[in-house]
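Here is a short briefing to read alongside the model. Take a look at the structure first, then follow the notes by topic.

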Amino acid sequence: MAIVNDSIKSYKGFKAITILCLVVLYAPLVIVTIYSFNASKSITNWEGLSLYWYWDIFAGPESAKWKEAAWNSFTIAIVAVTTAMSIATLAATAMVRGGKFKLRTASFGLISLPLMVPEIVLAVATLIFFNSIGFTRGYFSILVAHTAFCIPFAYLPIQARMQGIEDSYEQAAMDLYANKRQAFTKILLPLMMPGIISGFLLAFIVSLDDFIITNFVKGAGVETLPTAIFGSVKQGLKPNIMAISTLLLGVSVIMVTISYFVSKKDNTQ
Amino acid sequence: MAAGAASGGSATTDTYASARNILLLPSWVVLGIFVLAPVLMMLIYSFLTKEFRGGVIWEFSLAAYDQFFFDRGLFGDDPAKIEWTYITIFWRSIWQAGAATILSLAIGFPTAYFIATRDEAVRPIWVFLITIPYWVNLLIRTVSMKFLLRDEGPMNDFLMNIGLIDSPIHIINTNFAVQLGLFYSYLPFMVLPIYAAVERYNFSMSEAAADLYATKWVTLRRIVLPAIKPGVIAGCILVFVPSLGSFLAPDLLGGAKNFMIGSLIEEQFKGNAGNWPFGAAASMILLSMVLIILMITARQQAKAEKAEG
């Protein structure tokens, strides 16, 4: 492409709007983080720096509730995403390396269905389904629902990565008498790793963050972090919510950052 | 979404063609049972009779849809009039989602354009900065927004301290608060597809326009915008569709007067007061609206791609 003069490309005010955009995106998060270190018992007044609310979460009167919610959230995310990941990897192999076949479009439609159906609708549908087959709502129902809706989030980065890998490596292995299973596990899978890791992290965040579907299928007494936070917020904003939000925010940012660097490293190879 | 399906076809090979069905089986089973079957079951439930303690009686009935559209008086024997309550809620949702989309476009378009015209080396960093907030828990982002916008919150504090206003601006529990919340929730969705489109745009076309004495704004409107239209439409859909069925922003920022579809549906399944068939019917109506929007856009995008050759 010819090099185009910068003055033709750039528009006055666009830079200012971009900065405004970033301020809008980050200001609420930064402010909540700052207020999580507030010593005051009220969320309005600033009374100096303190770790009191973090202490409150880990050792305060409600700490048992938060710990249980965190345990549920993380174990569900790990199991659901690992399962979704395996299912998605197999599906992507068939879709990208399986030639042309009749059900290809239908399969892709089915895999992306959880992305097209509005979340609240998927939540209602899942609740109704569990109810009609007599599946008791609780930890296990959340786990199953999370596994299902995490599949497309895991699938898309894997598919993208696999499309970028030429199949000549596997062909070469098979010319040297590797069977298909060996070509898959010894060649394709290792090459896929960056895509699998970044897909895992992103799907993990999606599971960890889900509120709406979890809220519908959780049943009484089982809480994840988002449903516990929502329940608490409904009774009024308290400073401990700021602290727990900051911690979750930190987990998300760290995971996205790792995922970014994993996929970036991958591009430079 | 449709574009993904189309482009997925280009790079296929048939190394594992013989194992194809076994490889796909787990996803068919899991998604078939836990996504497709539930949606079909919801369709069935919307045609059943409600049970008073929540749940359904297995008897065919059109009552749920009838209740949505018609008012037949307290005892159900008056002549049918149009029931405006639910249509109003749907209309408000469309309006709110539309306002959030326009807000996102106003901020998102210049941002996407600016990022896409940076040096190739720094673009991924800009994109990364835009995507981080999206990955932060939606609930936490909405709660942060609530915290920020309160009458006695940091935003009003700040504006009063610099002397811009004398008394707090009342934003929370208004329609505008919901629009802001939705805008904030889905802004990255607007930026990313427009960014991708501008990045592919060939700027020698802008140069040609400049050579022919087009002003810069005319070039933007008549040359750049038509070329990147698919990206703009994709961005608008990605903001509008999730906004339409959103629950958290209207629930936490809007208060009871600014009910949207999401809250209407949620209410039907809470406790024992709900009406499951009615909730299922409202969900079906929302789902149909979304699928129609997606189909129309997919068709238009395909047409545009064909026209380009």
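**Briefing: chain B, a chain A helix and the interface**

Chain B has 14 helices and 4 strands, where helices (H or I, at least four residues) and strands (E, at least two) are DSSP runs numbered from the N terminus. This is a predicted model, in which local features need pLDDT of at least 70, side-chain atom pairs count only at pLDDT 80 or more, and totals for chains, interfaces and linings use all residues. Residues are numbered from 1 along each chain as its sequence is written, while chains are lettered from A and ligands numbered from 1 in the order in which they are written.

**Chain B overall**

- The C-alpha trace of chain B spans about 75 × 75 × 35 Å along its principal axes.
- Of the 309 residues in chain B, 42% are buried (20 or more other C-beta atoms within 10 Å of the residue's own, with C-beta atoms placed from the backbone).
- Among contacts in chain B with a separation of 6 or more, 67% join residues 24 or more positions apart; a contact means C-beta atoms, placed from the backbone, within 7 Å.

**A helix pair in chain B**

- Helix α8 (residues 175-200) of chain B packs against helix α11 (residues 229-244) of chain B at an angle of about 160°, with the axes 7 Å apart; axes are lines fitted to C-alpha atoms over the stretch in contact, and angles run from 0 to 180 degrees between N-to-C directions.
- α8(B) and α11(B) are therefore roughly antiparallel (an angle over 145 degrees).
- By class, their contact has 14 nonpolar, 3 polar and no charged residues; Ala, Val, Leu, Ile, Met, Phe, Trp, Tyr, Cys and Pro count as nonpolar, Asp, Glu, Lys and Arg as charged, and the others, Gly among them, as polar.
- On the α8(B) side the residues include Y186(B), F189(B) and M190(B), and on the α11(B) side they include G231(B), L238(B) and S243(B).

**Helix α6 of chain A**

- The 14 residues of helix α6 (residues 119-132) of chain A should span 20 Å at 1.5 Å a residue, which agrees with end C-alpha atoms 20 Å apart; the expected span is 1.5 Å times one less than the number of residues.
- α6(A) is mostly covered, with 12 of its 14 residues buried, including E119(A), T126(A) and F130(A).
- After α6(A) comes G134(A), with a positive phi near 70°.

**Where the chains meet**

- In chain A, 88 residues are in contact with 82 residues of chain B.
- Helix α2 (residues 14-35) of chain A gives the largest share of chain A's side, 14 residues.
- That side of chain A has 60 nonpolar, 18 polar and 10 charged residues.

Note on methods:
Two residues are in contact if their C-beta atoms, placed from the backbone, lie within 7 Å. Angles under 35 degrees count as roughly parallel, over 145 as roughly antiparallel, 65 to 115 as roughly perpendicular and the rest as oblique.
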